[in-house]
Amino acid sequence: MNLELELKKSALKIRGAIVAAIAAKGGGHIGGSLDLAELFAVLYDEYMRVDPLNPQWHERDYLVCSKGHAGPALYAALALKGFFPYEMLRTLNQEGSMLPGHCDRIKVPGVDATTGSLGQGLSIAAGLALAAKLSKTDQRVFCITGDGESAEGQIWEAVQFSAHYKLDNLIVFLDWNKMQIDGSNDEVMSLGDVKEKYKAFGWNSCLIDGSSVTQINETVGNAIEYKNGKPTMIILDTIKGYGVSCVSSIKNNHCIGFSQNLYLQAKGELETQAEQLGVNLKWLD
Ligand SMILES: Cc1ncc(C[n+]2csc(CCOP(=O)(O)OP(=O)(O)O)c2C)c(N)n1
Ligand SMILES: [Mg+2]
């Protein structure tokens, strides 16, 4: 089996599901969802020890999507893994749906933390990681943060806490897409040398290409194996809206309306990629 190809196929399916769900709603948080497709593909195909038939399994690994507006990406990955029927994605963020726009632990099978109020998820993840240590389980906790989100002071409290408690079962990703809701990070709140900042806080820290399934796969594998008493930060160099050029070329693609025209362009692009990789994408129209 060609692992790289299989992971690329999974990422493409996730991207297709994100576009399908957001198009069904007529718009949503697409930019910061699309750029996480490779990460979700690697995590759910290779590392997350979870059971779609028993989402509350006590010994599962946890994933906290601290940038809760990437709910569409997490839901896409969960639907493709069989946590709930793919067709449910059609109801994303609609009245009465069990799939709210932001990640919801109560309503959505497989979601481990309710997020959307930025800055809080890393604290939840650190608590879960400490609990796993105290319970002497080998559970791993993954957490996804945003670069704009990193302006929240609570992030840095949790960073300090995680180093203090030597949470080497905690692996955190930073979606470094350089953009937030109102513009670039450099305009709104510069992150500076974030890799060095994490090191200075006592973490392992590295920067990789967030669009490379191979780099993500190798780095996560190494982070799981490497136990030096420190939590790990993996900074993902990404492009907001990555993989669908008619979206990534929109200057502010944070949360956009999805016209039929834009949908058809996005679908066309993804279908071309699907043909190249030999994947069947499922649309919801
Ligand atoms: C505490 C809090 N403040 C403000 C917001 C509004 N908000 C939603 S998304 C967002 C930008 C987040 O930027 P980033 O973390 O870079 O995520 P990306 O847009 O790149 O996915 C903001 C400010 C929020 N959800 N929570
Ligand atoms: Mg960002």
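In which helix is lysine 25 found? Lysine 25 is found in helix 1, which covers residues 3-25. Helices here are DSSP runs of H or I with at least four residues, strands are runs of E with at least two, and both are numbered from the N terminus. The model is predicted, so local features need pLDDT of at least 70 and side-chain atom pairs count only at pLDDT 80 or more, while totals for chains, interfaces and linings use all residues. Residues are numbered from 1 along each chain as its sequence is written, chains are lettered from A and ligands numbered from 1 in the order in which they are written, and side-chain values use heavy atoms, with hydrogens and water left out.

Lysine 25 is partly exposed, with a relative accessible area of 37%. Buried means under 20% relative accessible area, exposed over 50%, and partly exposed in between, using a 1.4 Å probe and protein chains only. Between the C-alpha atoms of lysine 25 and phenylalanine 161 there are 39 Å, and the two residues are 136 apart along the chain.

Distant parts of the chain are linked here: aspartate 147 is in the loop between strand 3 (141-146) and helix 6 (153-164), and methionine 179, 32 residues away, is in the loop between strand 4 (170-176) and helix 7 (185-188). Aspartate 147 is buried, at 3% relative accessible area, whereas methionine 179 is partly exposed, at 24%.

Aspartate 147 also takes part in the surroundings of ligand 1. An N or O atom of its side chain is 2.6 Å from an oxygen atom of ligand 1. For glutamate 149, a backbone N or O atom lies 2.8 Å from an oxygen atom of the ligand, and for methionine 179 a polar backbone atom is 2.9 Å from one. Of the 580 Å² of accessible area that ligand 1 has on its own, the protein covers 77%; such areas come from the Shrake-Rupley method with a 1.4 Å probe, and for residues only the protein chains shown count as cover.

Another loop, between strand 2 (62-65) and helix 4 (71-81), holds lysine 67. Lysine 67 is buried, with a relative accessible area of 3%. Its side chain makes a polar contact of 2.8 Å with the side chain of aspartate 175. A polar contact is a pair of N or O atoms within 3.5 Å; within protein, one must be able to donate a hydrogen and the other to accept it, and residues adjacent in sequence count only if both atoms are side-chain atoms. Helix 4 contains alanine 76, which is buried at 0% relative accessible area.

Two loop residues remain. Most residues other than glycine have a negative phi. Asparagine 93, however, has a positive phi near 60°; this residue lies in the loop between helix 4 and helix 5 (121-134). Lysine 136, in the loop between helix 5 and strand 3, has a positive phi of about 55°. Asparagine 93 is partly exposed at 37% relative accessibility, and lysine 136 is exposed at 74%.
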